[in-house]
Amino acid sequence: MKITVIHGQSHKGSTYHIAHSLAEKLSGEITEIFLPRDFGEFCVGCTSCFVESEEKCPHYEKLLHITNAIDEADVLILASPVYVYHATGAMKALLDHYGWRWMVHRPEEKMFSKQAVCISTAAGAGIKSTNRDMADSAFWWGAARIYTYGVAVAETSWERVSKQKKQRIEKKLSALAKNISKNQGRVKPSLKTKLFFSVMRQVQKHGFNKADMDYWKGKGWTEKERPWKKQRMSRSARHPYV
């Protein structure tokens, strides 16, 4: 199992320790990305990724190692502490760069077989809205299964978080890791995802953006092909007795 963790900060606080602990419990190959250390550019709003190609983005080359890490992962973990009731600016800046990957444009078919986890921590409130910031992108990317975990640690330092709270966190993470491992290779997009995909499919049949229409047509998605069917067929071809 390959796990990619994208941290919405570069320091190793409570959110880092929780996300890293979950990744280790999954017992796989871990790739960790720290923002803004590993990518700190803001979207300039040029719309080139939408109307031409993602390769036209002025930050395409800088972003490529993260894009590859996302595509190669079986499990994607997005982690951010709460900053004024939302994800960090660094996390938001990264997600902005992947607007072209939303289902309304050109989703990556590999996403439809992935599991994603959104993790947030706060001294107090704001966990739900922060996880929603990240889960929105995971959903619109097409992630087959999305989990969220947030915890109010009541501290600004991981070292000062109580032993009892850390034990409760570890128990939750162990249960989550067990669930993710059990579902690995078996997840299918939810009915909600399939419904939105169907709506976007109709849009692309008579669309307004040639780059998107050509992409969907090339994938066969405006006809009978579906990204989740292709993923299942690929696994069956590799393991004919599964």
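The sulfur of Cys49 lies 6.4 Å from the closest cysteine sulfur, that of Cys46, which is too far for a bond, and Cys49 is buried, with a relative accessible area of 14% (buried means under 20%, exposed over 50%, and partly exposed in between, with a 1.4 Å probe and protein chains only). This is a predicted model, in which local features need pLDDT of at least 70 and side-chain atom pairs count only at pLDDT 80 or more, whereas totals for chains, interfaces and linings use all residues. Residues are numbered from 1 along each chain as its sequence is written, and side-chain values use heavy atoms, with hydrogens and water left out.

| Cysteine | Closest cysteine sulfur | Distance |
|---|---|---|
| Cys49 | Cys46 | 6.4 Å |
| Cys43 | Cys49 | 6.5 Å |

Cys43 is partly exposed at 44% relative accessibility. With a disulfide taken as a pair of cysteine sulfur atoms within 2.5 Å, the count comes to zero disulfides.

Most residues other than glycine have a negative phi, and most peptide bonds are trans. A cis peptide bond, with omega about 0°, joins Leu35 and Pro36, and Pro36 is found in the loop between strand E2 (29–34) and helix H2 (48–51); helices (H or I, at least four residues) and strands (E, at least two) are DSSP runs, numbered from the N terminus. Ser27, although not a glycine, has a positive phi of about 55°; Ser27 sits in the loop between helix H1 (14–25) and E2 and is exposed at 62% relative accessibility. Tyr85 has a positive phi near 70° and lies in the loop between strand E3 (75–81) and helix H4 (89–96).
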